[in-house]
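Please keep the sequence and the structure in view while reading.

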Amino acid sequence: MELFTGRPASNDDRLPREIRTYDFLDGLGIEYQRTDHEFADNMEACMEIDKVLDVVICKNLFLCNRQKTSFYLLMMPGDKKFKTKELSSQINSARLSFADAEDMLKYLDIEPGAVSIMGLMNDHDCEVQLLIDEDVLKDEYVGCHPCVCTSSLKLRTQDLMERFLPATGHTAKVVHLVGED
């Protein structure tokens, strides 16, 4: 894997959702570094990518309530365990579960394995609530996929919070996850 600054030189062999991510970030003037890699849809694969980007790629979970009337995108450190009960109480939503792939595609234009905060640019009606574990905000940089799981980005956390999110119309609810057994 090689580290690049900015978007790929060519759009050949790139999915439209990935190209839209680069267009969106470039339009906002947000600087980012990028690496291309094999299919990475789990935290083990992301650990190798972390070394290239020199950042911890966040674990991103797409969740919903039992009625499928509320959807959430949770960003948390990759080394924390997710405890449904711990999060449910903080957001006043009982029975959280993983949302279906169809809903992921519908709201974020992302397929399983590529869930990322970048998908919020596709949620024009702001139907997905962003939840960020407070530990993610402590790092200067954040790592994420550009809506595909064959590339990864490194961008400033401040740019994500102060430029990217406002441009998407979303706000973040900061949560505290212990993630211990």
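In this predicted model, 5 strands form an open sheet in the order β5-β3-β4-β6-β9, with mixed pairing. Strands here are DSSP runs of E with at least two residues, helices are runs of H or I with at least four, and both are numbered from the N terminus; two strands pair if DSSP finds at least two bridges between them. The edges of the sheet are β5 (97-98) and β9 (172-175), each of which pairs on one side only. Residues are numbered from 1 along each chain as its sequence is written, and side-chain values use heavy atoms, with hydrogens and water left out. Because the model is predicted, local features need pLDDT of at least 70 and side-chain atom pairs count only at pLDDT 80 or more, whereas totals for chains, interfaces and linings use all residues.

Within this sheet, β3 and β4 are joined in the antiparallel sense over 6 bridges, and F62 stands opposite L73 in β4. K83 is partly exposed, at 28% relative accessibility, where buried means under 20% relative accessible area, exposed over 50%, and partly exposed in between (1.4 Å probe, protein chains only). The C-alpha atoms of K83 and E111 are separated by 23 Å, the two residues being 28 apart along the chain. In α3 itself, E86, L87, S88 and I91 are buried, and the buried residues of this helix pack against β3, β4, β6 and β9. Just after α3, N92 adopts a positive phi of about 55°.

A further open sheet has 4 strands in the order β1-β2-β8-β7, and its pairing is antiparallel. Its edge strands, β1 (4-5) and β7, each pair on one side only. Strand β7 (residues 141-144) is joined by 4 bridges to strand β8 (residues 151-156), and the two run antiparallel. Across this pairing, V142 stands opposite L155 and C144 stands opposite L153. The β7-β8 hairpin has 6 residues between its strands, and C147 there takes a positive phi near 70°. The charged end of K154 sits over the ring of Y141, 4.5 Å from the ring centre; the criterion is NZ of Lys or CZ of Arg within 6 Å of the ring centre and within 35 degrees of the ring normal.

How do the nonpolar side chains come together? In soluble globular proteins, such side chains tend to be buried together. A nonpolar core is defined as a set of buried Ala, Val, Leu, Ile, Met, Phe, Trp, Tyr and Cys residues joined through side-chain atoms within 4.5 Å. The largest has 34 residues, of which F62, M75, I117, M118, L155 and F164 touch the most other members. Elements giving two or more residues to this core are α1, β3 (59-64), β4 (71-76), α4 (101-108), β6 (128-133), β7, β8 and α5. A second, separate core of 12 residues includes Y72, M76, F82 and L87. Leaving aside neighbours within four places in sequence, I117 is in contact (heavy atoms within 4.5 Å) with N60, L73, M75, L130, C144, L160, F164 and L165.

A search of the whole structure finds 5 aromatic pairs, where rings of Phe, Tyr and Trp (its six-membered ring) pair if their centres lie within 6.5 Å; planes under 30 degrees apart are stacked, over 60 edge-to-face, and the rest tilted. The rings of F24 and F164 have centres 5.5 Å apart and planes at 80°, so this pair is edge-to-face. Because F24 lies in helix α1 (residues 16-27) and F164 in helix α5 (residues 157-168), the pair ties together parts 140 residues apart in sequence. F24 is partly exposed at 23% relative accessible area, whereas F164 is buried at 0%. F62, F71 and Y107 form one aromatic cluster.

Helix α5 also contains T168, which is buried at a relative accessible area of 10%. Apart from neighbours within four places in sequence, T168 contacts F24, L120, M121, D123 and C126.

The cysteines complete the account. The count of disulfides is 0, a disulfide being a pair of cysteine sulfur atoms within 2.5 Å. For C64, the nearest cysteine sulfur is that of C126, 18 Å away. C64 is buried at 1% relative accessibility, and C149 is buried at 6%.
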